[in-house]
Amino acid sequence: MDTRRKDRREARLKQEIEKYRASNPKITEQFADLKRKLYTLSAQEWDSIPEIDDYSLRNKKKRFESFIPAPDTLLEKARQEQEHVTALDPKSRAAGGTATPWAQTPVTDLTAVGEGRGTVLSLKLDRLSDSVSGLTVVDPKRYLTDLKSMKITSDAEISDIKKARLLLKTVIQTNPKHTPGWIAAARLEEVAGKIQAAKQLIKKGCEECPKNVDVWLEACRLASPDEAKVVIARGAKSIPNSVKLWMQAAKLEHDDANKSRVLRKGLEHIPDSVRLWKAVVELANEKDARLLLQRTVELETYDNAKKVLNKARERLSKEPATWLTAAKLEEANGNTAMVGKIIERGIRALQRETGSVATCQAIIHNTIGIGVEEEDRKRTWVADAEECKKRGSIETASAIYAYALTVFLTKKSIWLKAAQLEKSYGTRESLDALLRKAVTYRPQAEVLWLMGAKEKWLAGDVPSARAILQKAYVAIPNSEEIWLAAFKLEFENHEPERARMLLAKARERGGTERVWMKSAIVERELGNTDEERGLLDEGLKRFPLFFKLWLMLGQLEERLGHLEQAKEVYESGLKHCPSCIPLWLSLANLDEKMNRLSKARAVLTMARKKNPQNPELWLPAVRAESKHGYKKEADILMAKALQECPNSGILWAASIEMVPRPQRKTKSMDALKKCDHDPHVIAAVAKLFWHDRKVDKARNWLNRAVTLAPDIGDFWALYYKFELQHGTEENQKDVLKRCIAAKPKHGEKWKAISKVVENSHQPTDAILKKVVVALGKEESSTESSKH
C-alpha cells in the first residue's frame, strides 16, 4: 500500500511540476527556437551585433568637473619652459661660466628647433622648385650654370673637403706612382665643383702613371668629347696591349667605318682578344667576316670561340662557312651529338635564306648514313624526316625520304610517307612522278595505285585515272578496293552504265556486301526500282548481318508508299541486327509518321533497354514528346537521359534549347562544366550569343565548333547562315572555302539532304546552301508554333 501511494504521489508531483513549467517557462526555453536559427547567420551579421555593456548606476563613476581657473603659478611655469635662457645665473658666474651647477639644467626647446629646420629646408627647396601658384622661381637660361657653380656653404662640408684634399695631396706627394690617389684627388675636385682642377690633377696622374689603364680611362671620362679622342690615343700609344682602351676608343667614334678601323688597329697589337674579334665581326661585311671568323676560332678557347660563332650565325645565317665551322668546333671538342643538329639547322637556314636545295640534298646524301647502325636505318631516317617536317624543313625531309627510298625500294610505308609529304607540300607533277616510281617497285600496294588515280581525277584528267586503275587491275586482279575505286570514278563522272558493268564483274568475282550495296545505289540513281529490290533481296540472302542493306530496302518501301512492308523490313532487320541504332530510329520514325505515337514510344523504350546509355536513342524520344505537345513528359525524359548519359553533348545541346530563354544561360554553364569540348554544346552556346546580338562572341564559338568537328555539316551550315546575316562578303567566302576543303559527311540535317537521290552528285557548296535554307525554314516554323 505504501509503495502504491508513493508512486501515485510522485506521479502527481511530476504532473504538477510539468504543468507549472509549461505555464512558467524559463528564459532559455523561450529563446530556444531563436537560438537554433543562429547557425544561419553570416560572419558579417555576427560582427554587426552590438556588445552588451553594463549600464547600471552603481558601476557609473562620476567624472570630476572643476570650474576653478588655473593658478598663476602654473601659467608662469609653462611660460618659463617655452623661453630661452640667454644669461648665466649667479652661481654659474661664480664658477666662471665653465661649469653647470647640479641644481640647474638648461631647458632645450625641441619644438622650436624642429620648426627652424623646416624653415631652412623650405628655403633651400624654394631655390630649385616651382611655387604652388605655378610661377617658376628658377631662371631657365642659367639653371644648369647655377647648378655647376653652386658652392658648398656648409662649414662642416668645407672642413671635410679641406681635410680630404690635404690627405690626398700627402698621398700623391709621398707616392706619385699610386694611381688610386690621383683618381681620388681628381674626383674630389669634381665633387667640389672644380672641374678644371680635376683635369689638371688627372693629367699629372697620366704623366706619373703612363702604364695604368684606369688613369687613362678616368682622364677620358673627365675630358670633353674632342679632347677624349686625343687622351685615349695617347693612352693606347702608352699601353697598346689594353683591350679596354681600344674598346673605349671605338666607342668614341660615331660611324662604323671608323670604329672598325680603330678595332683593327687594336687587333694588330692584341691578335688573340675575343672581345676585339667579336666587335670586328659584328661590324664587318660578310666577306670580311668569314676571314675574321676563321681566324677567331683558330686562336680562341672552346667557350670563347662558341660565343663568337653564335653571334656570327645570327648575323650570317645564310653563310655555309659559319655552320660548317661551328660543326667542326663541336667535333674537335668531342661533342659529336651536336654536329648533326648544327648541320640540320644550317640546312634549314640555307633553304630559307638562299634556296640552296641542291646543296642541302648533297649534304644529306653524303652524311645521313654516318654513325647509324644498319638495322636502325629505316626507323632513324623516318624519324629524322618527320622531325624535319614538324620544324618546317620540307626540302630536308624530302631529301631524307629520297635517300631512304634508294636503300629501301620495297618498303610501302616509306613510299606512303614520301607521297603524303609531296601531296602536302609538293606539286602535282612531283607527286605523280613519285607514285609512278612507287608502283613500279611495289605493284601489290593498292593504296599507291588508288592515290595516283585520285590525284589524276582531282586534277581533272579522268582518262589518266582510268589508265592507272586498269594497270592496277592487271597488277592486283582480285582487289575489291580497285573495283570500287573504278566504280566511283565512273559513277561520279556521270557514267552509270560503265559503273554497272564494273559492279557486275565485281559481283561475279565474289564481291563483298559493299559491292552489293553500291550496285543497289546505282540502280536507285537510274530509277530501276525492280532491279534495286532484286539486288537488295539477293544481298540480304548473302549478308543478312549487313544493316545498310536492310535500311536501303526499308527506305525503298517507304519511297514507294508501302509503309507496312517497310515496317516489316525494319523489324526483320532488327532481328538480325538488334544493336543497330539507325534501324531502331527508322522504325520509330515510321510509327510516328503513321500516327502511332504509343508504338513509337514502345519501340524507343525497347531500343534503350537493348542498347543502354545511348544518347542517340534518348533524343528522338524527347523530341517526339515535344513535337506532340507533351512538354512535361519531354522534360522528364530529358532528365532521365542526362542521368544515364551525363556527358552527352547532343543531349545537353537539346536541353539548352528546351528550357525557357531566361534559364538558357544557366543551363549552358552546366553543360560546359560537363562537356567543355563537345562541338554540339559549343554550337548551342554560339546560338545563344547569336540571339543576344553578341556577334563577335557568336562568330568565335561557331568557329570553334567547326574546328572541333569539321566533318559535321550542320555546324558549317549554321556558321554560313550566321555570316550571311552578320558577316561581310569576305567572311562568307572564307567559310564556304573552308567547308569545301573539309568535305563534311555527317550531321542530322546534312545527311537528310545529301542522301536524297537528286542531291547525290551535288557539290559541297550546293549541299551547304540547301541545308542553310532548311535551317531557315525550321527556325520559321518553330517561331510560328510558339506564337
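This is a predicted model: local features need pLDDT of at least 70, side-chain atom pairs count only at pLDDT 80 or more; totals for chains, interfaces and linings use all residues.
Visitor: How do you know how far the confidence of the model reaches?
Guide: The mean pLDDT of the chain is 78, and 78% of its residues reach 70 or more. Over residues 97-108 the pLDDT is below 50. That stretch has eight contacts in the model beyond near neighbours in sequence. Residues 129-153 also stay under 50, with 14 contacts beyond four places in sequence.

Visitor: What makes the span of helix 24 agree with expectation?
Guide: Helix 24 covers residues 412-425, which is 14 residues. At 1.5 Å a residue, these should span 20 Å. The end C-alpha atoms are 20 Å apart, so the two values agree.

Visitor: Which residues of helix 24 are buried?
Guide: Ile414, Trp415, Ala418, Ala419, Leu421 and Glu422 are buried. They cover an arc of only 160 degrees around the axis, so they lie on the same side of helix 24.

Visitor: What do the buried residues of helix 24 pack against?
Guide: Their partners are helix 22 (377-391), helix 23 (394-407), helix 25 (428-441) and helix 26 (446-458).

Visitor: Why is the pair of Trp381 and Phe408 called edge-to-face?
Guide: Ring centres must lie within 6.5 Å, and planes over 60 degrees apart count as edge-to-face. The model counts six aromatic pairs by this rule. For Trp381 and Phe408 the centres are 6.1 Å apart and the planes at 65 degrees, so the pair is edge-to-face.

Visitor: What makes this pair a tie between parts of the chain?
Guide: Trp381 lies in helix 22, and Phe408 in the loop between helix 23 and helix 24. The pair therefore ties together parts that are 27 residues apart in sequence. Both Trp381 and Phe408 are buried. Ring pairs also link Trp381, Tyr403 and Phe408 into a cluster.

Visitor: Why is the pair of Phe546 and Phe547 called tilted?
Guide: Stacked planes are under 30 degrees apart, edge-to-face planes over 60, and the rest are tilted. Phe546 and Phe547 have 50 degrees between the planes and 6.4 Å centre to centre, and form a tilted aromatic pair.

Visitor: Why is Glu592 called buried?
Guide: The limit is under 20% relative accessible area. Glu592 has 16%, so Glu592 counts as buried. Glu592 is in helix 34, residues 581-593. Beyond four places in sequence, Glu592 touches Ala600, Ala624, Lys627 and His628.

Visitor: What makes Gly235 buried?
Guide: Its relative accessible area is 0%, so Gly235 is buried. Gly235 belongs to helix 13, residues 225-238. Neighbours within four places in sequence aside, Gly235 contacts Trp216 and Leu245. Cys220 is 15 residues from Gly235 in sequence, and 9.2 Å away from C-alpha to C-alpha.

Visitor: What makes the phi of Asn595 worth a remark?
Guide: Most residues other than glycine have a negative phi. Phi of Asn595 is near 60 degrees, a positive value in a residue other than glycine. Asn595 lies in the loop between helix 34 and helix 35 (597-610). With a relative accessible area of 72%, Asn595 is exposed.

Visitor: Where is Gln613 found, and why is Gln613 called exposed?
Guide: Gln613 is in the loop between helix 35 and helix 36 (615-627). Exposed means over 50%. Gln613 has 60% relative accessibility, so Gln613 counts as exposed. Phi of Gln613 is also positive, near 55 degrees.

Terms used. Residues are numbered from 1 along each chain as its sequence is written. Side-chain values use heavy atoms; hydrogens and water are left out. Helices (H or I, at least four residues) and strands (E, at least two) are DSSP runs, numbered from the N terminus. The expected span of a helix is 1.5 Å times one less than its number of residues. Buried means under 20% relative accessible area, exposed over 50%, partly exposed in between (1.4 Å probe, protein chains only). The arc is that of the directions from the helix axis to the C-beta atoms. Contact means heavy atoms within 4.5 Å. pLDDT is the predictor's confidence in each residue, from 0 to 100.
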